[in-house]
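I opened my notebook to record a few look-ups in this structure.

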Amino acid sequence: MAESSVSLDTTSRNAVELIGICKTFPGGVHANKNITLRIREGEVHGLLGENGAGKTTLMNILYGLLTKDAGRIIIKGEEVELQSPQDAIVRGVGMVHQHFKLIPPLTVAENVVLGLEPILVSTKMESHLGGWSVKSVGVLSQILPVDLSAAEKRIVAIAEENGMNIDPKSKVMDLSVGQQQRVEVIKTLYRAADILILDEPTSVLTPQEVDELFVTLSKFKEQGKTIVLITHKLREPMILCDRISVLRDGELVGTVNREDTSPEQLARMMVGRSVSFTVEKPPKEPGSKVLSVTDLVVYNAQGLVAVKGVSFDVHEGEILGIAGVEGNGQTELVEGIVGLRKPKNGQVLVNGKDLTGKSPRKVRNAGVSHIPEDRHKKGLVLPFTIQENLVLGRHADVPFATGPRRMLLNLQESRRVSKDLVQTYSIKVSDVSSSAQTLSGGNQQKVVVARELAAQPKLLIAAQPTRGLDVGATEFIHQVLVGMRNAGLGVLLVSAELDEIVNLSDRIAVMFGGKIVAIRKPSDTTVEELGLLMAGHEVAGGSDER
Amino acid sequence: MMQAIDPNLLLLGWLIRSTLEMSTPLVLAALGGMFSEKSGIVNIGLEGMMLMGAFTAAAVSWYTGNPWLGLLGGIASGGLLAVVHAVACVTFKGNQIVSGTGVILFASGFTTVMLKVVWNAQGASDPVTKIPDVYINPIKDVPILGTAFGQMSPIVYLMFVMVALSYYVLYRTPFGLRVRASGEDPSTLDTAGVNVDHVRFVAVVISGCLAGFGGSYLSISFLGFFGKLMTGGQGFIALAALIFGNWTPIGCLLAGVFFGFLNGFQNTIQILNVPELQLYLNFVKMLPYVLVVVALAGIRKSIPPKAVGTAYEKEAKA
Ligand SMILES: Nc1ncnc2c1ncn2[C@@H]1O[C@H](COP(=O)(O)OP(=O)(O)O)[C@@H](O)[C@H]1O
Ligand SMILES: [Mg+2]
């Protein structure tokens, strides 16, 4: 990969030119401000920016999924007005979306052919035409039989050509996230895309899967395809991209050659100031056990064993990080501890008190705070006001409840406390009585964190606490977590972001297939070893730190 | 002719025939509901579309004397009323329940007024030309078979054809795949370069056509006249059959036949004219509705299309 060089020949053809693109959403968010971007034919172009910088919006405009307010789009030298994705697809643009555009109950083949279904009777005729255009048969083709078996053959062929392995007959809901992403890539190849947009493709993958994806992508590059790689991680564009464009707050900060830049420069461009990649973390002797989990077995919503006998302890003044690819039982483990899901077996002790299978309220009252992984579904009541969200859970206790038998809410008190919290955690709000919906993701998460810490817990359980947050908010949350640890709290941190785990944790437990496969000190391990463990490989000679 | 036939066998034949007759409008309307809901649009207006079909079929048959033209008219009118529903729900992203209710209210009022205009009648129209029944002469005198299938409306047979056709369209054609995708996740369909609104619009209109078909059967095949509000809740039973049948063509058929059986059972009791059983007639009449409640309470787990009931707005964040 290293020898691929950027052609400085400015006359080299552009696959895509976006000129002066502007987009304002109905809500008033100015997502793209006069962005001009040229993507050369055959290059891998990185599009870097924090969450909310406008990367997805810009690419959705290029894909015809969103309309632009102003600007011009030129694809392969032809100026186009895209009415729908169809217009982009026929010009060879393919997009793998951040949130997969797949329909779980349908099969792989059905998902791939959707919108471009081969017709049984006309396959012969169309192969004469050399294309797959359904239009040639007209509207009538809509009720002719689909030739699924031909599609399946072609899918297998495409997959094999690119070193992927997929069963076209299996249902998408039975596939792993990595496999689903492969289906998305095949979908674009099936449409003969030669301009490939991948929106944050790595955020759902293990380090090894990322490597595999990058191998596939460099194959595409050899085939002469143009690739746009969207990411908010700094490491990735530095590996694969020829040139990198950085967006910030809807504006293009600049486009740089990979040779001429560094992660530090990219970070500055992305955030607008220099960022520290590591968190200040003074050494600390862990104290007594706060949380002790023994042989915990938890079933998931489908009634399958998700946590298969897990044991670990968390001490005062310690951050125990649980690493793992999502879907390996972390969600159920946390739910089993905080009382959202009854464990089938095992024991949960908090400060020596048995809380196994107790209600979330009892667990809370025992001094456990929980930052849930899904802040929209479990962390906040979105239509409620910020003030209501900030006292939720404590609303029935003094001083937030008053009157006989604490039947009334003390709104003045909750307003005062909310205002304090908004100050302390520098949550950007216009008014504490506006709904939580109106906040950005980072500020929503700050509301959750503020509420959970205001309860003065002894144990903090944080699940994916920085998911989808920008660098600033992520830094803030990291500081809070480390601050809590320094203050003597036990912290259980569950995260799919390996960097986060490695930077923050005092000990790292790796979860795979519902089990904790290893516990390591950050100093005794490497990202590579953790990646292998996360993917379920046995690693010989590792020393366990249980 | 039927001198020495065991009355019990005669009864069984009657029951089969009655079941098929009663289930035909239910299955047709349920199939209609299926197309709409599979595409993501709730169609509680089935009842109104059936009524419209029943009226139009009778009126066209009355004026032209040709019941087949009546059938076409009935199907078209159901489809036309569905266009209104589609414009409200698909084009203008209106509330699907409100629009469906509007459709029912409109159809009730319109057909009642038109009953007066066309036939100058309050309760029931004059008799209109019926679609002739199909006779299968060779089996006419076979005990059970003869009673059950010897004489039957061709629409009953067409109903089975429609089930097969619906299955083919939904699971074997590009349109069907798009309908299913549209009801599960319209934004994915959009991303695949397909116009979601077009798919939904067509699916809703097909829905109305099938409901109109079912309604037409009532007026110009089963009875031979149009009666005020003659559908009497069958559109809702069809919705229940759709849920019972888990949104599949075969399921709609089985559930529709089951509800048809309960109705047929009740008819058979009436024919029997046994005073003791008459007492329970109202109870039997009630059964389908009880089962609807049970079905809705989820005794049988059915999985609706994921995006059903929600309008698809292109610019909304996925
Ligand atoms: N459909 C939408 N409606 C309103 N605001 C939106 C919509 N989609 C995105 N936004 C806003 O536009 C901004 C840019 O979003 P996006 O392009 O998704 O960022 P990125 O992909 O860089 O993380 C964000 O502030 C986001 O909240
Ligand atoms: Mg994005």
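I started with what touches B:Thr24. Leaving aside neighbours within four places in sequence, B:Thr24 is in contact (heavy atoms within 4.5 Å) with B:Ile155, B:Val156, B:Met159 and B:Tyr217. B:Thr24 sits in helix α1 (residues 7-38) of chain B. Helices here are DSSP runs of H or I with at least four residues, strands are E runs of at least two, and both are numbered from the N terminus. I found B:Thr24 buried, at a relative accessible area of 0%. Buried means under 20%, exposed over 50%, and partly exposed in between (1.4 Å probe, protein chains only). A polar atom of the B:Thr24 side chain lies 2.8 Å from the backbone oxygen of B:Leu20.

I noted the ground rules: this is a predicted model, where local features need pLDDT of at least 70, side-chain atom pairs count only at pLDDT 80 or more, and totals for chains, interfaces and linings use all residues. Residues are numbered from 1 along each chain, chains are lettered from A and ligands numbered from 1 as written, and side-chain values use heavy atoms, without hydrogens and water.

Next, the metal. A:Thr56 (OG1) and A:Gln98 (OE1) coordinate the magnesium ion (ligand 2) at 2.0 to 2.7 Å. The two are 42 residues apart: A:Thr56 in helix α1 (residues 55-62) of chain A, A:Gln98 in the loop between β6 (93-96) and α3 (108-113). Donors are N, O and S atoms within 2.8 Å of the metal (3.2 Å for Na, K and Ca); water is not among the atoms, so sites may look incomplete. A:Thr56 is partly exposed, at 27%. A:Gln98 is partly exposed, at 27%.

Last, α7(A). Its buried residues include A:Val210, A:Leu213 and A:Phe214.

Note on methods
Polar contact = N/O pair within 3.5 Å; in protein donor to acceptor, adjacent residues only side chain to side chain.
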